Amino acid sequence: MLPTSWILIASAAAASLGSVDLQQPLTTRLLPSKIPFLGFGTWNIDTFNASEAVSAALQAGYRHLDCATIYGNQKEVGRGIADGLKKAEVKRSDVWITSKLWND
C-alpha cells in the first residue's frame, strides 16, 4: 500500500504551480512531440518504493517522467508505469518519458 504522504506530495507539488495547466504541454521547435510542463523525477527514489511512487504520480496527473539508467531503479519504475497507466486509465502514448545517457 502506498503511503498517503506520496499522494499528498505529488498533489501538493502540482497545486503549488497555481494557475499553470499541467495538462497543457510545453512545445519546442526542436521536438515534434509536446512535452508535459511538469515532470516527476525518479532520481534517488529507493527501489523499495519506486513502483508505488511512479504509479501514484501518474494517478495524480503527472504525464512526464524523468528517468535514467544510472538511477538503478529501471525495473521498479517500469512496474510503476504499468500499474499507474492501468489505474489512471491512461495510454502510454499520453506519457512523456525522459531518459539520459552517460558517456563515461
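Reply: Buried means under 20% relative accessible area, exposed over 50%, and partly exposed in between, with a 1.4 Å probe and protein chains only. This is a predicted model, in which local features need pLDDT of at least 70 and side-chain atom pairs count only at pLDDT 80 or more, while totals for chains, interfaces and linings use all residues. Residues are numbered from 1 along each chain as its sequence is written, and side-chain values use heavy atoms, with hydrogens and water left out.

Helices α2 (residues 50-60) and α3 (residues 74-88) have axes 7 Å apart and pack at an angle of about 35°, where helices are DSSP runs (H or I, at least four residues) numbered from the N terminus, and axes are lines fitted to C-alpha atoms over the stretch in contact, with angles running from 0 to 180 degrees between N-to-C directions. In contact (heavy atoms within 4.5 Å), residues of α2 including V54 and L58 meet residues of α3, among them I81, D83, L85 and K87. By class, this contact has seven nonpolar, five polar and four charged residues, with Ala, Val, Leu, Ile, Met, Phe, Trp, Tyr, Cys and Pro counted as nonpolar, Asp, Glu, Lys and Arg as charged, and the others, Gly among them, as polar.

The side chains of K87 and D83 also meet in a salt bridge at 3.3 Å, N to O, the term being a side-chain nitrogen of Lys or Arg within 4 Å of a carboxyl oxygen of Asp or Glu. K87 and D83 are separated by about one helical turn because they lie four residues apart in helix α3. K87 counts as exposed, at 52% relative accessibility, whereas D83, at 28%, counts as partly exposed.

Key. Helices (H or I, at least four residues) and strands (E, at least two) are DSSP runs, numbered from the N terminus.
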